[in-house]
Amino acid sequence: KVIILILWWRNFQLEYWRTFQLVSTLSLAMCNQFKRLVEDLRLSELLYRKGRKPDETDWQLMLFMVADTYRNAGQFDVAISRESNPGVGELDFQITRGAKANTVVEIKRSCNKDLMHGYRTQLAAYMKAEQATSGIFMVIVEDDSIDYIKAQLNEVKKDMIDKGEYIPKVIFINGKHQPSASAPSYKNPTL
C-alpha cells in the first residue's frame, strides 16, 4: 500500500508539473503571438482607424481575441477569463486549467500613471487572490518612454528580488501607430 501511495504521489506531482508548464508556456506563447501580430503585422491598425486612439480596454479585447483564437485553433484544454474579479479588483486575464495551473496577465499602457503600481502591487494581489502559479505583465508602449519605463521597472525589480518577491515576466509591445513598410518613415517596430 505504501508503494502504491508513493507511485500515486509521484504521478500526481508529475501531472501537476506538466499542467503548470502547459499553462505557463501557452500563456506566454499567446502573449508573444499578440506581440507579433501588433508589431510585425500591424494588427493595431484596427484600433487607429479614422483618427481614433485606443484605450486599455481596446488592447484587452484584442488580446482576448488572439488568445481565444489561439486556444481554439490548437484545441488546448484551458479556460481564458477576462475581467474576472477575485475580490481585489478586476484582473485583465486569467488562463487556467483546473486548480493545478493558473496564469494571470495584466496589461498597462505606457502612459498609465499607475504602471509601476500595476507591476509590483496589482499583479501580485491578483496572483495571490487567484492562487496563480505565474504572472505576465504586458506594457503597451504608445509613446517614446520605453527606456524610462525599463529603468523604472529594473529599480522595482531589484527591490522585489531583495525582498524575495515573485518576479513576473514583462512583455513590451510597440503599440504606436505604425506606418506601412513602403513609407519612408517606416522603422522596425519590434521592441
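The charged end of Lys-150 is placed over the ring of Phe-172, at 5.3 Å from the ring centre; the criterion is NZ of Lys or CZ of Arg within 6 Å of the ring centre and within 35 degrees of the ring normal. The model is predicted, so local features need pLDDT of at least 70 and side-chain atom pairs count only at pLDDT 80 or more, while totals for chains, interfaces and linings use all residues. Residues are numbered from 1 along each chain as its sequence is written, and side-chain values use heavy atoms, with hydrogens and water left out.

**Salt bridges**

The structure holds 13 salt bridges, each defined as a side-chain nitrogen of Lys or Arg within 4 Å of a carboxyl oxygen of Asp or Glu.

| Pair | N to O distance |
|---|---|
| Lys-35 and Glu-39 | 3.0 Å |
| Asp-159 and Arg-120 | 2.6 Å |
| Lys-176 and Asp-144 | 2.5 Å |

Asp-159 lies in helix H4 (residues 146-162) and Arg-120 in helix H3 (residues 115-130), so their bridge ties together parts that are 39 residues apart in sequence. Asp-159 is partly exposed at 27%, as is Arg-120 at 21%.

Lys-176, in the segment after strand E5 (169-174), pairs with Asp-144 in the loop between strand E4 (134-141) and H4, so parts that are 32 residues apart in sequence are tied together. Lys-176 is partly exposed at 28% relative accessibility, whereas Asp-144 is exposed at 71%.

**Aromatic pairs**

Three aromatic pairs are counted, with ring centres of Phe, Tyr and Trp (its six-membered ring) within 6.5 Å and planes under 30 degrees apart counted as stacked, over 60 as edge-to-face and the rest as tilted. One of them, Phe-64 with Phe-93, is stacked, at 6.2 Å centre to centre and 15 degrees between the planes. Phe-64 lies in helix H2 (residues 56-74) and Phe-93 in strand E2 (residues 91-97), so the pair connects parts 29 residues apart in sequence. Phe-64 is partly exposed at 27%, whereas Phe-93 is buried at 2%.

Note on methods. Helix = DSSP H or I, 4+ residues; strand = E, 2+ residues; numbered from the N terminus. Buried < 20%, exposed > 50% of the residue type's maximum accessible area, 1.4 Å probe, protein only.
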